[in-house]
Each structure stands twice: as C-alpha cells, then as structure tokens.
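Here are my notes on the model you sent over. Have the structure open while you read them.

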Amino acid sequence: MARAIIADDHPLFRSALRQALANTLGSDVLEAENFPDLLALLQQQRQVELLFLDLNMPGNRGLTGLTTIRNQFPDILVLIVSANEDIDVIQRAIDYGASAYIPKSAPLPTLMLAVEAVLDGDSWLPEHLLDTVTETSQSQYRDFAHRLEQLTPQQFKVLAGIADGKLNKQIAYELDVQETTIKQHVSAILRKLGVINRTQAGVIFHDMLKVDDPAQGDSHL
C-alpha cells in the first residue's frame, strides 16, 4: 500500500523529494515519470493519501492533470510542486482543488511545512504569496472549477476529447461506447458548464487550463 506518489519526469528530483519525505511518510512512496503511469498507479493503489504533482510532466497539459485527478480521485490531496511561480497559475491551481502549491525553489524545511499543513487538513501556499493569491482571486476560476466538479469521470473524459477537437465517433471509439452515449454525455456537459455548443465547451476548457512552461529550470531540493 502506498501512502503517497511523486509524479515528476526528473528522476533526480523524485529521488531527492522521496528522501526528504522519508521521516514523515516512511517508505510508502511510489514514483511516476509521466501522467499515464500516474493514472495507472492510482488505479492500482486505492489507499493513496498524497500526490506530489509536477505541472509539466509528459502527458500532463497545464492544469488538466490536476483537474483530472480531482475529478477521478477526489479523496486524494494534491500538492503541486512546480518551477512555475506565476501568480495566475497558482491561483487557478488552488481554485481547481490543489491542497498546496510548492515552488521547486523552496528549501527543504518549507517543503516539510507544506506537507505537515496538508496532513493536518489545511491548505498551504508560500507565505509571501498568501495575500497576493487571496486578493487576486477571480470568481471565473472558482465558478468553472465548481462546474467541472459536476461532471462524472466519463463526462470529463468526453470534455477532454472535445477540447482536443475529436468527433463524437472518435471519442466513442476511444472510450469503447456507442456514439449515442457520447451524444448524451455532450448534452449533459453543455448543460453543466452552461455553454451553448461543443466548440465553446472545448475552447473554455482549453483556455482555462493551459499553462505556459516556466522560464526557469527545475531546482533541486
């Protein structure tokens, strides 16, 4: 049984983070180097409590990884660990359900404070960002996050397919269901998101969740 998973495509960073977590989480920590492997692990390990998620690992497009995890595994506490320190990105990550946002530039003691806060049931942000993130909170993010929460896991997959420009028959083939089922999902998605057509739903999903790559490189713990 794994208590935590570190999802990052840099093996040295995963190793350093795993060692840093040893005193708190022991050896119950698994690793994933891409998003498909992470999803496979989460399907197998039903007792995962914490997920340390990099925003820019292979298969994770911006904040779509976070929203996918929150949709399919709502009981898992997600801590974003990223080199991206853009205020807008941090704001959206928190609004979309992240329990913490930890810059990769943060020193080890700061990382452990974040983990302890989340384990105690609190959310965590770097102290110098607390007021900034709160003051710049935009209701459109939280409103969209709330609407996303209303989607079933299957509807979320359909929405992701729509955002990728796929036709109903293509989505149906990938999900191994009838095209009529996809049409029903699309109708439900449009209603829950409050949009009038699939194009609008896809554009909103894509634009709201995209994140530019950080200008800075990854830092080691």
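1. How many helices and strands are there in the protein? There are 11 helices and 5 strands, taken as DSSP runs numbered from the N terminus (H or I of at least four residues for helices, E of at least two for strands).

2. A word on ground rules: this is a predicted model, where local features need pLDDT of at least 70 and side-chain atom pairs count only at pLDDT 80 or more, while totals for chains, interfaces and linings use all residues. Residues are numbered from 1 along each chain as its sequence is written, and side-chain values use heavy atoms, with hydrogens and water left out.

3. On overall shape, the C-alpha trace spans about 50 × 40 × 30 Å along its principal axes.

4. The chain divides into domain 1 (3-129) and domain 2 (138-212), with bounds from an automatic or database domain assignment. Their centres, over C-alpha atoms, are 25 Å apart.

5. Where the domains meet, 15 residues of domain 1 are in contact with 19 of domain 2 (heavy atoms within 4.5 Å). About 1,500 Å² is buried between them, 51% of it from carbon and sulfur atoms; this is the accessible area (1.4 Å probe) that the two parts lose on being put together, summed over both. In domain 1, Asn71, Asp95 and Tyr96 lose the most area to domain 2, together 36% of what that side buries.

6. Now the salt bridges (a side-chain nitrogen of Lys or Arg within 4 Å of a carboxyl oxygen of Asp or Glu). The structure holds 8, but the count between domain 1 and domain 2 is 0.
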